[in-house]
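Reader: Please take me through the features of this model one by one, giving the general idea before the particular case.

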Amino acid sequence: MSKKCKIRLDVYIHLKTVKTRSEESSSTIRKRVEEARKRQYERYGREICNSRVSYDTLLKTSPLTAEQQRTLQQFSYKKNWSNRTQIKVIRLARTISDLKGSVSITDQSIWEAVKLNSLGERKAGGISKKNELIN
């Protein structure tokens, strides 16, 4: 009797550096990252970041509002996102909020996380321009 294996593939893409209007120095960025990590360590009571904390703990400590949940569900449905993708977007939104010093996940960070995820899909050929929700 042969065993069937499930295979999981993660695809990584390389992106070019994008020039922003207000360039931050490396030391300024380093300081924001250190402060964001400190907030995460305090939130979770140990040295763990948003990318590694359990999903249950993430939602318990940073619940989404009803409107944020609806927005994410709409994007998920229209873009045919898996639960795994939705969780990645929530984790990214939490990190974006941490970098901006916000105690909760903001609507703006949800939009940014969705947009960043959509850019990755578009680069991989997963979205056509006419089906895009965010420009």
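**Reading the features**

Author: Arg32 counts as partly exposed, at 29% relative accessibility, where buried means under 20% relative accessible area, exposed over 50%, and partly exposed in between (1.4 Å probe, protein chains only). This is a predicted model, in which local features need pLDDT of at least 70, side-chain atom pairs count only at pLDDT 80 or more, and totals for chains, interfaces and linings use all residues. Residues are numbered from 1 along each chain as its sequence is written, and side-chain values use heavy atoms, with hydrogens and water left out.

Reader: Which side chain meets that of Arg32 in a salt bridge?

Author: A salt bridge is a side-chain nitrogen of Lys or Arg within 4 Å of a carboxyl oxygen of Asp or Glu, and by this rule the protein has five. Arg32 is paired with Glu24, at 2.9 Å from N to O, and Glu24 is also partly exposed, at 37% relative accessibility.

Reader: Which secondary structure elements does the protein have?

Author: Helices (H or I, at least four residues) and strands (E, at least two) are DSSP runs, numbered from the N terminus. Here there are five helices and zero strands, so the order from the N terminus on is α-α-α-α-α.

Reader: Which residues touch the most other members of the largest nonpolar core?

Author: In soluble globular proteins, nonpolar side chains tend to be buried together. A nonpolar core is a set of buried Ala, Val, Leu, Ile, Met, Phe, Trp, Tyr and Cys residues joined through side-chain atoms within 4.5 Å. The largest one here has 16 residues, and it is Leu72 and Val114 that touch the most other members. Helix H3 (66–79), helix H4 (83–99) and helix H5 (107–123) each supply at least two of its residues, with the largest share, four residues, coming from H4. With contact taken as heavy atoms within 4.5 Å, and leaving aside neighbours within four places in sequence, Leu72 is in contact with Leu64, Trp81, Gln86, Val89, Ile90 and Val114.

Reader: How much of the protein is buried?

Author: Buried residues make up 28% of the 135 residues. As for the contacts with a separation of 6 or more, 53% are between residues 24 or more positions apart.
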